Amino acid sequence: MRTVFVFTALVLFSFALRAQEVSVYSVKNGKGDLITVSADTLNMGEIYLDDLSSEHGVLLINLTNSGKKPLLIRNVTGCCGTNIKTWSKAPVLPGKQSEIRVEFRIEPKPQRISRTVTLESNALGKPIIKLHIVGLVMQRRQANELVL
């Protein structure tokens with residue numbers, strides 16, 4: 001009985017993998033810099049206070065439909081002051097891309113950045129994707145400052 005259950009679970013899992021897939025393949029901030037993408041986390045890295053501008057809170061998330069059927073992005077939401085400015089309401093055809101523009105304000109003080117963007121789509125196996133945006137705003141160290 002257990003073997004049948006495991007086999008059935010594996011078959012269903014393989015169908016889910018072959019269904020619609022959404023791949024986040026690149027993210028750019030407002031300056032056009034690429035941001036590291038690791039799984040469902042977008043890492044903005046370290047941002048120094050003296051370099052901080054309003055462009056640091058602008059991200060362009062490019063999605064690629066790597067499935068075989070049109071991908072419908074039903075809804076995109078952001079948490080805690082994260083605004084979703086634009087996203088395609090039209091179906092994303094297989095092999096094609098779609099762009100989501102995300103904006104949020106980064107206060108000019110040392111802090112950790114932690115935001116979430118949620119995508120709802122018709123993707124089988126994973127219709128809801130949560131993308132976590134992380135980073136660190138910090139003071140630049142002086143040349144003569146010791147780190148203990």
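**Entry 1. S54 and the ground rules**

I began with S54, which is exposed at a relative accessible area of 61%. I take exposed as over 50% relative accessible area, buried as under 20% and partly exposed as in between, with a 1.4 Å probe and protein chains only. I worked on a predicted model, in which local features need pLDDT of at least 70, side-chain atom pairs count only at pLDDT 80 or more, and totals for chains, interfaces and linings use all residues. Residues are numbered from 1 along each chain as its sequence is written, and side-chain values use heavy atoms, with hydrogens and water left out.

I placed S54 in the loop between β3 (41-48) and β4 (58-65). For helices (H or I, at least four residues) and strands (E, at least two) I used DSSP runs, numbered from the N terminus. I then looked from S54 to E103, which is 49 residues away along the chain, and found their C-alpha atoms separated by 9.3 Å.

**Entry 2. The chain as a whole**

I counted one helix and nine strands in the chain. Along the sequence I read the pattern α-β-β-β-β-β-β-β-β-β. Of the 148 residues in the chain, 31% are buried. I found an accessible surface of about 9600 Å², with 56% of it belonging to carbon and sulfur atoms; areas follow the Shrake-Rupley method with a 1.4 Å probe, and for residues only the protein chains shown count as cover.

I also looked up contacts, meaning heavy atoms within 4.5 Å. Among contacts with a separation of 6 or more, 65% are between residues 24 or more positions apart.

**Entry 3. Strand pairing**

I treated two strands as paired if DSSP finds at least two bridges between them. β5 pairs with β8 (residues 111-121) in the antiparallel sense over five bridges, and I noted V76 with its bridge partner L119 in β8.

β8 is also joined to β9 (residues 128-138), by ten bridges and again in the antiparallel sense. Here I found V117 opposite L131 and R115 opposite I133. The hairpin of β8 and β9 has six residues between the strands, and in this hairpin G125 takes a positive phi near 90°.

On which strand does β9 pair in the parallel sense, and over how many bridges? I found that strand to be β3, with six bridges. In this pairing I47 stands opposite V137 of β9.

**Entry 4. V137 in β9**

I stayed with V137, a residue of strand β9. V137 counts as buried, because its relative accessible area is 1%. Leaving aside neighbours within four places in sequence, I listed its contacts as I47, L49, I106, K109, P110, Q111 and I113. For I106, which is 31 residues from V137 along the chain, I read a C-alpha separation of 8.4 Å.

**Entry 5. The loop between β5 and β6**

I turned to C80, in the loop between β5 (73-78) and β6 (83-86). C80 has a positive phi of about 35° although it is not a glycine. C80 counts as exposed because its relative accessibility is 54%.

T82 is found in the loop between β5 and β6 as well. Is T82 buried or exposed? I recorded T82 as buried, since its relative accessible area is 6%.

The side chain of T82 reaches the backbone oxygen of C79 at 2.7 Å. I count such a polar contact as a pair of N or O atoms within 3.5 Å; within protein, one must be able to donate a hydrogen and the other to accept it, and residues adjacent in sequence count only if both atoms are side-chain atoms. Not counting residues up to four places away in sequence, T82 touches V102, E103, F104, R115 and V117.

**Entry 6. G67**

I located G67 in the loop between β4 and β5. G67 counts as buried because its relative accessibility is 11%. I read 8.7 Å between the C-alpha atoms of G67 and L93, which are 26 residues apart along the chain.

**Entry 7. Charges over rings**

I looked for charges over rings, which require NZ of Lys or CZ of Arg within 6 Å of the ring centre and within 35 degrees of the ring normal. The charged end of K89 sits over the ring of W87, 4.2 Å from its centre. I also found R140 over the face of Y48, at 4.2 Å from the ring centre.
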